[in-house]
Amino acid sequence: MGAQWSQLFPPKPTFTESSLDSQADKVFLVTGGYSGIGYELVKMLYRKHGRVYIAGRSEEKARRAIKEIQTEIPSSKGSLEFLYLELDDLSSIKASADAFKQKESKLHVLWNNAGVSRPPLGSVSKQGIELQLATNCLGPFLFTQLLTPLMKETAATEPPASVRIIWTSSNYVDLAAPKGGIIMSELDNPPKDQSRNYVNSKTGNWLLSVELARRVHSSGIVSVALHPGTASSNLFRHTPSVKYLAWPLMYPPKLPAHTELYAGLSKDITMELNGCYVVPFGRIADKKNIRKDLLNAFKTKEEGGSGKATEFWEFCEEKTRDYC
């Protein structure tokens, strides 16, 4: 309970913009970077002269955010670019990845920040998949897979652990995920419970981060999941009552953005900590504070675990195979 209390009422961030050197030689990509936590993260990266791509479906919102940020930070020598990305349409994601690779020869950090929470029951993606699973897991999985070769090339010329892939999970996993993490049958036959479907997708993000860490470790890339902290943002646009009831536990988006900043750029996270979990507002979670059944799900069967992370990875591979 103490660990959850610490996540609900976290200490102030110690890793902030002032902790960073110039990021002038770095290329960053933030999905959902034109609102909420992503918007605040983009501002921090741009203020430190990074080349930042804001990926999302709304060019209008992205252009507005870019103008606002450039007006607020006129001294930056960085750049802000829009990248069209529709995470709930698997057929469009390769074109988005290709468009990025046509512009850039490196990618230092990918923040899989965008997501959807508790849309109306029955909401599905363009491919007819439950919307939260599609937007929060399958879309980011495919996008990450398509960009991983470029990130491996980047890592070959950068210090170990400086090239990173960040996955956005939630403390809701620890509170509400079923024993073992995910019941696989619920993925193809989602329950009529959007809270359960949401926690399945956030558990999926955590599983993907751990499995990817295993697969890219030899390339010097770090993959981590995080619970950013509960922000007052449009993530709760489908459930305004939740935002109202949880208001005392919500923070201005800039504070949770520090969790993402830490996950992406703090030197605390070394190759030895690949696959770790980051909690608000920029701390590495102690494994003793993570549910034992979840830790078991992260391990392969060869390691004495349930192999759930590998199983979920293979599920995502199968669902996205035709769109690579």
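Me: At what angle do helix 4 and helix 5 pack, and how far apart are their axes?

Reply: First, the basis: this is a predicted model, in which local features need pLDDT of at least 70, side-chain atom pairs count only at pLDDT 80 or more, and totals for chains, interfaces and linings use all residues. Residues are numbered from 1 along each chain as its sequence is written, and side-chain values use heavy atoms, with hydrogens and water left out. Helices (H or I, at least four residues) and strands (E, at least two) are DSSP runs, numbered from the N terminus. Axes are lines fitted to C-alpha atoms, for helices over the stretch in contact, and angles run from 0 to 180 degrees between N-to-C directions. Here the angle between helix 4 and helix 5 is about 30°, and their axes are 10 Å apart. Helix 4 is therefore roughly parallel to helix 5 (angles under 35 degrees count as roughly parallel, over 145 as roughly antiparallel, 65 to 115 as roughly perpendicular and the rest as oblique).

Me: Which residues of helix 4 are buried?

Reply: Buried means under 20% relative accessible area, exposed over 50%, and partly exposed in between, with a 1.4 Å probe and protein chains only. In helix 4 the buried residues are Leu 90, Ser 92, Ile 93, Ser 96, Ala 97 and Phe 100. They lie on the same side of helix 4, because they cover an arc of only 145° around the axis (the arc is that of the directions from the helix axis to the C-beta atoms). The face turned away from that buried side carries the exposed residues Ala 95 and Gln 102.

Me: What covers the buried residues of helix 4?

Reply: Contact means heavy atoms within 4.5 Å. The cover includes strand 1, strand 2, strand 3, helix 5 and helix 12.

Me: Where is Leu 265 found, and is Leu 265 buried or exposed?

Reply: Leu 265 is found in helix 10 (residues 254-265). Leu 265 counts as buried because its relative accessibility is 14%. Sequence distance and spatial distance should be read separately: Leu 265 and Leu 20 are 245 residues apart in sequence, yet 8.2 Å apart in space, C-alpha to C-alpha.

Me: At what angle do helix 2 and helix 10 pack?

Reply: Helix 2 (residues 36-47) packs against helix 10 at about 60°, with the axes 8 Å apart. Helix 2 is therefore oblique to helix 10. Among the residues of helix 2 that meet helix 10 are Leu 41 and Leu 45.
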